[in-house]
Amino acid sequence: MSVAHVDDEEPGPGEVRHVEKALPNGDFYTGEWCDSLPHGNGKYLWTDGCMYVGEWFKGKTMGKGKFSWPSGATYEGDFKSGFMDGKGTYTGFSGDTYKGNWVMNFKHGQGTKSYANGDYYEGEWRRGFQDGHGRYQWKNGNHYIGQWRNGLMNGNGTMIWSNGNEYDGLWEDGFPKGNGNFKWADGSSYVGVWSKDDKEQSGTYYPSDSQNGNLDWDPQQVFLEDLKDCKICPGEKVSIFPSQKMPNWPGMAKGNDGRQRRMSDGKLSSYSWGSYMNDFSAASEGDSRDEDEGGGSLHLEDSDTRGSCTEFKMPMKKQGQTISKGHKNYELMLNLQLGIRHSVGRPAPAISLDLKSSAFDPKEKVWTKFPPEGSKHTPPHQSCEFRWKDYCPVVFRTLRKLFNVDAADYMISICGNDALRELSSPGKSGSFFYLTNDDRYMIKTMKKAEVKVLIRMLPAYYNHVRSFENTLVTKFYGLHCVKLTGAAQKKVRFVIMGNLFCTDYAIHRRFDLKGSSHGRTTAKPESEIDLTTTLKDLDLNYIFRLQKLWFQEFCRQVDRDCDFLEQERIMDYSLLIGFHFQEVSTSCTSGVPTPTDHENEGAPQLSQLGKDQLLIDPSRWSSIRLGINMPARAEKTVRKSDCEAQLVGEPTGVLYDVILFFGIIDILQDYDISKKLEHAYKSMQYDPTSISAVDPKQYSKRFRDFIFRIFVEDT
């Protein structure tokens, strides 16, 4: 209802005027107005006391502005599509002040924070936490300069106490861990390996020249006493983010690109999954919801147009053939399950993530004999006699710990009452693949050469996955061999890996992408392509738009992973991508569901129940990780011709909301003599740049160039 400064006649399209509007829900807006939306400078006052004054663009806060909370907290700075994004200053009701860079409600980039208790931090931030290089000054005069990770001191750094004492060395999760040097103000020092576990602590005390020193000093005093007053202040929490307060304007629909547009019937569409994920991922940082501060919750409306589409959740037939009695590989499956149960279940010493080099020795393997009648160490069984080999058992046990795999759950998945499933056909390499019944783990048979490559690169692989928790490379959980006794003397080597598509979502499309074109198309007629078909580079007809934070992390991690694979002389790897359309047509009759085209329809993304669950169940959005359960947008592309030279088609502007899953697979092919011969032979027949078998350095560059063309930032 317009109450002032509104002409009687209907304004023309694009005409900017000044209005004062009292809205039906009690909110009030005054300012510039265009095409039924705030556009220009304006002020919006919510009934709960929140207020925004600043620039608007087509109904969203965009540009310079100031948002005030009823508690007295304020944010003044840059806004983008409703988010605190750019440079800005947040001043909390308790006195906390952050000044610096923001990305989608996160403190991200360079920034300084003054805490209400007198502490101060200056340095790098990432997703709301101190991350990178920074300096933290405590009110009592102590200060730390060095590396941070997830809001804790981590990496190389120096702590200087106000009494002149100093620790210089490695840190982990806020405490000294690894090599370090503690110095007293009088010049004496203690040099050694540091750990909160005094059994792992070792070092040497060096007294100063002026005195004999205290040889009875206990290094654990640093953990028990000296660091007690060096806790990182958690800071103040934000009650509700400005992006969560953005209203749905009457007569407008929220399009798939996040922009609002007019619907012919005047009905409102609901918030999209993407916008919810943006808001709630921001709420997962240190500045999370505080119920004490008066932030209004979102009131969301269902749309009558929802009936035209539905979120695609249908009972999915599990991939593969169940290995039951009578199957040719039934006994092999029993042997595998017996061996895993023996390896994982036997007693072992406490695991330290700092492994000795001897643990990676290729000779570090354990043979166990499994007679049918059982033995001192093995149970009786109904299979034939076999021998079981564990390769580098300590390393893989530690990897499972690093990947947060519970030993009991691991055994139940692989060795429980449910049988494994064999995928319908072996891969191009001749390997067979088996899935556990819960889809968590994939078991792949391996050639001897692949085993050698994995063992050779195991030290570098371990260091890489330990350093980068968001790595996209395959997760390996165990490497084993079954040797059948008797006349056959057959050896079957296999590796246990994580299954990338372990999800309740139906995977509607899956692609295996290398960045090469020769032979990179699926040799199947359209009628035979179903949900389990893995398509290839020349079949790809989408590009993927990631939110800014995720896109930046994706680019960094692809570079790290490709550098690692290049250094290990690995090539022929792929990016495996699977995605779930959040909406598909319910009328589809073919085997492959048809996604809803949001350029033509204004249907909502989630039911009211789904939105409410997102609000009250943080696990729904906290489970998102790089490559796992990621909300994104897929844009349809079209190639100008069938020419292989055009690997990536032209964007069409047709966009779909999707849930993405992706990772780098097939990382055990080194550039050996066979691949060099393949390269030489195929180069005489085809364009050398189009074939898969190329030098690791060239492969890495081509792979990255291609991946960074099909993944782009969602602007």
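Trainee: Which residue in E15 stands opposite Ile 160?

Mentor: In this predicted model, that's Glu 166.

Trainee: And what makes E14 and E15 a strand pair?

Mentor: Pairing takes at least two bridges. E14 and E15 (residues 166-172) have 6, in the antiparallel sense, so they count as paired. They form a hairpin with 5 residues between them, and Gly 164 in that turn has a positive phi of about 100 degrees.

Trainee: What about E21 and E24, how many bridges join them?

Mentor: There are 2 bridges. The rule says at least two, so the pair qualifies. Gln 321 is partnered with Glu 422 there.

Trainee: Why are E21 and E22 said to stand at the edges of their sheet?

Mentor: The open sheet has 8 strands, in the order E21-E24-E25-E26-E28-E27-E23-E22. E21 (321-322) and E22 (365-370) each have a single partner strand, so one side of each is left without a neighbour in the sheet. Helix H4 (residues 330-345) packs on that sheet, touching E22 and E23 among others, and its direction makes about 50 degrees with that of E23.

Trainee: Now the rings. Why is the pair of Tyr 29 and Trp 56 called edge-to-face?

Mentor: Two values to check. The centres are 5.7 Å apart, and a pair needs them within 6.5 Å. The planes are at 85 degrees, and over 60 counts as edge-to-face, so the label holds. Tyr 29 is in strand E3 and Trp 56 in strand E5, 27 residues apart.

Trainee: And what makes Phe 403 and Tyr 477 an aromatic pair?

Mentor: Their centres are 5.6 Å apart, again against a limit of 6.5 Å. With 85 degrees between the planes, this pair is edge-to-face too.

Trainee: How do you know that Phe 403 is buried?

Mentor: Buried means under 20% relative accessible area, and Phe 403 has 14%, so it passes. Tyr 477, at 7%, is buried by that rule as well.

Trainee: Last one: what sits over the ring of Phe 403?

Mentor: The charged end of Lys 475, 5.4 Å from the ring centre.

Conventions. Residues numbered from 1 in each chain as written. Predicted model: local features only at pLDDT ≥ 70, side-chain atom pairs only at ≥ 80, totals over all residues. Heavy atoms only, no water. Helix = DSSP H or I, 4+ residues; strand = E, 2+ residues; numbered from the N terminus. Contact = heavy atoms within 4.5 Å. Axes fitted to C-alpha atoms, helices over the stretch in contact; angles between N-to-C directions. Phe/Tyr/Trp six-rings, centres within 6.5 Å; stacked < 30°, edge-to-face > 60°. Buried < 20%, exposed > 50% of the residue type's maximum accessible area, 1.4 Å probe, protein only. Lys NZ or Arg CZ within 6 Å of the ring centre and 35° of its normal.
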